[in-house]
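Subject: Structure handover

Hello,

Here is the structure I promised to pass on. Please open it first, then read my notes below.

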Amino acid sequence: MNAAGIIFSNLNQDTISELTTDRTLAAIPFGCRYRFVDFCLSNLINVNISNICIVANYNYRSLIDHIGSGKDWDMARRTGGIQMIAPFQTSHTSDSKLNCTHLEALCNMKDYILEFKEDYVIIMDADQVVNIDLSAVVDSHEATGADITMVTTKIREDFSSRNRRIMAKTENGKITRILTSKTYTDRAPEMCINTFVMRTPYLVNLLNSAEDKNLTSLTDHLLNTYEHANYFTYCYDGYVASITDFQEYYQASMELTSSDEAKESLLWRKDAPIYTKVHNSAPTMYSADAVVRDSMIADDCVIEGTVINSILSRNVRVAKGAVVKNSVLYWGTTVGKGASLNCVVTDKDVYITDGVSLSGNKNLPIYIEKKRKV
Amino acid sequence: MYFKKECIAMLLAGGQGSRLYDLTQQTAKPAVSYGGKYKIIDFPLSNCINSGIDTVGVLTQYQPLALNEYIGNGEPWDLDRMRGGLSVLPPYQGNKSSDWYKGTANAIYQNIRFIKQYNPDYVLILSGDHIYRMDYAKMLDQHKKTGAACTVATITVPIEEASRFGICNTREDGSIYEFEEKPKKPKNNQASMGIYIFSTKILIDYLESDEKDETSSNDFGKNIIPNLLNNGEKLFSFPFEGYWKDVGTIASLWESNMDLLGDHPPLNLSDRNFRIYSRNSARPPQFVGTNAKIANSRISEGCRIYGNVENSVLSGGVIVEEGAIVKDSVIMEDVIVRRDAKVYTSIIDSDSIIGESCVVGKDGADKNNITIVAKGTNMSRSTM
């Protein structure tokens, strides 16, 4: 498709501090074998977009390790491929330009954007987990003649989040109101999932005026200009996991175990697979005593105990007599004999000693940090 | 311009595998699925890269489509290299003659020019039908130390099975004084694994003279190795210890899959220092549903299990619906086992559908009575 993609790896990461102490938000593991960024990348790749930038600002080592040459996304290309955009200092810029907001980062990479040969640019944040056909979004953008098309989802009336979201009200797709809110409001019933489409020259103009007026926030810009501008939404009706804090992350993970809609929409689409780094791990071994129900499990696990309503990453061991319920275990987690976990998220290489019992609550899951022995 | 390599590998992957019957109707034996996410050829290719051998010629002949597509440019095994890497070597037409590969030795003979490009000191000959993890570098070290013309890797087999193999009779220092191909009365149980390291000049000399001999069947085991011995060349055996299985028959392919089960399987696929690489197909994680029961089984990415799976190995994308039973079986990619269907002691090839309430195979059958369902079979109760 005639579009370039720009993925923001960590603009909202302060709100998920638990999972982002060692990694950028885009590198947060999700759905056993994926990281957030895999969904953005796969959405772009599945519509043949081959010029992709990932904007990072700090803590991006694990992201760089994950992406590598881009080979696992078929993006190790002579032309295009995946470009990591990290902040840098030059003799004439101050150290304050750390790609902290959308517009700041985009202004920093303006020279590069000027080289884009693609007519459209798709801008996305990594904290929105969705498997969406972006060509339909671009088609809609073209059909409406919008300046900016913002991808949204209809939200339920009981929606509430600890973080403010961009909400919109539309008439025939055209935005008549934009505001930010933490809860549902009938004044703006569509929630932005932080994916925007615009023509490349429009983006360049926007960046020029942002530099002139010293604008840094894309949200502020949208809020200030929508009344006189031609902004449209593309309201996506499929499953979206919009994750802005740890609780939302845990809930979205649990939905993968309980909701067929989540699995069908995110992971089981044959026409739109999600790609990720390949680890060449062996198939998972279920021993004679294993009891497993309603769980999603990656390769190279050894399960001798009980696993219910849980998400297990690669290379997790659940020893005999251990019981894992409503939990998310990252790769390398070991659950010792007779141990029991309920509503727990374990980071990489956590070791739960034999017989230890930990129980959180669905509204307050326990987080255990990387390499911790309990 | 090519760069000199110390040792290159020639992998014989043209075998028809006629004793695998339906499994090799449309597929060369090395491209047959194994162990949930592998093809047989993943083992020799991974062994090569794990042993520091980065130049591999893969000789193909029989039904090469699936095999060629699978190995591609060698990228999954890190064999897409600027210097060397993986080359597929099919039979070809020359201006004097054109020939199918007549035998293992003839296949290598027809590719002497490929070998010479890299001017290697040693050539490793491999076959594409064994499951094993082996560090060829250790074998090469021994070959260099002994100064042998040829080193033959050997494995201890049960004496009652020895007559199925090429048997190496050795002196105390490991040098071979006699090689018997499938002897009726084997003198010992050291079987050739079909893995040879030759010093290049000797290999080329013997291949050329073997080619001139019209009575020869152009086979390493039957002709080249005995000729070397008759001429008094120095041959050594390299005793290999570890898991090795020729998966050339339905029974042995099934058995070798079953060897991956149990608490302490003899073949370790999870060794991070010696990975077995395979081509990945971007499948989602496996999902286990509410009423599923899985015991002593290996399940791969993309599987969805809602029924019962016991003592079985399931490849990627297999769906076992509610009420279905899969027992003592090997299920290959993207097979669907419908509601209340039963699969016992079978090998189900890829893309097949076992329809609702169908019964395949016999519960408790032994390895000589494995039921095979060919690729893409769509079975319903009315077709049984």
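Start in helix H6 (residues 200-212) of chain B. Asp205(B) and Lys201(B) are four residues apart there, so about one helical turn separates them. Their side chains meet in a salt bridge, 2.8 Å from N to O. Lys201(B) is exposed, with a relative accessible area of 61%. Asp205(B) counts as partly exposed, at 35%. Bear in mind that this is a predicted model.

Salt bridges

The count comes to 31 salt bridges over all chains. One of them is formed by Arg33(A) and Glu301(B), with the closest N and O atoms 3.3 Å apart. Arg33(A) sits in the loop between S2 and strand S3 (34-35) of chain A, and Glu301(B) in the loop between strand S16 (297-299) and strand S17 (304-305) of chain B, so this pair joins two chains. Both Arg33(A) and Glu301(B) are buried.

Lys375(B) pairs with Asp351(B), and here the closest N and O atoms are 3.7 Å apart. This pair links distant parts of the chain, 24 residues apart. Lys375(B) is in the loop between strand S28 (371-373) and strand S29 (378-379) of chain B. Asp351(B) is in the loop between strand S25 (346-348) and strand S26 (353-354) of chain B. Lys375(B) is partly exposed at 38% relative accessible area, and Asp351(B) is partly exposed at 42%.

There is also a network: salt bridges link Lys5(B), Asp54(B) and Arg81(B).

Aromatic pairs

The structure holds 21 aromatic pairs over all chains. Take Phe30(A) and Tyr249(A): their ring centres are 6.1 Å apart and their planes stand at 65 degrees, so the pair is edge-to-face. Phe30(A) is in strand S2 (residues 29-30) and Tyr249(A) in helix H8 (residues 246-258) of chain A, 219 residues apart. Both are buried. Phe30(A) and Tyr249(A) also belong to a cluster linked by ring pairs, with Tyr34(A), Phe36(A), Phe39(A), Phe246(A) and Tyr367(A).

A buried helix

Look at helix H8 (residues 250-258) of chain B. Eight of its nine residues are buried, so the rest of the structure largely encloses it. Trp254(B) and Met258(B) are among them.

A charged patch

Asp119(A), Asp133(A), Asp139(A) and Glu142(A) form a negative surface patch. Asp119(A) lies in the loop between helix H4 (110-114) and strand S6 (120-125) of chain A. Asp119(A) is partly exposed, at 33% relative accessibility.

Best wishes

Technical notes. Residues are numbered from 1 along each chain as its sequence is written. Chains are lettered from A and ligands numbered from 1 in the order in which they are written. This is a predicted model: local features need pLDDT of at least 70, side-chain atom pairs count only at pLDDT 80 or more; totals for chains, interfaces and linings use all residues. Side-chain values use heavy atoms; hydrogens and water are left out. Patches are made of residues with over 30% relative accessible area and no salt bridge: like charges are joined within 9 Å, nonpolar side chains (Val, Leu, Ile, Met, Phe, Trp, Tyr) within 5 Å. Accessible areas come from the Shrake-Rupley method with a 1.4 Å probe; for residues, only the protein chains shown count as cover. A salt bridge is a side-chain nitrogen of Lys or Arg within 4 Å of a carboxyl oxygen of Asp or Glu. Lys and Arg count as positive and Asp and Glu as negative; His and the chain ends are not counted. The place of a charge is taken as NZ of Lys, CZ of Arg, CG of Asp or CD of Glu. Buried means under 20% relative accessible area, exposed over 50%, partly exposed in between (1.4 Å probe, protein chains only). Rings of Phe, Tyr and Trp (its six-membered ring) pair if their centres lie within 6.5 Å; planes under 30 degrees apart count as stacked, over 60 as edge-to-face and the rest as tilted.
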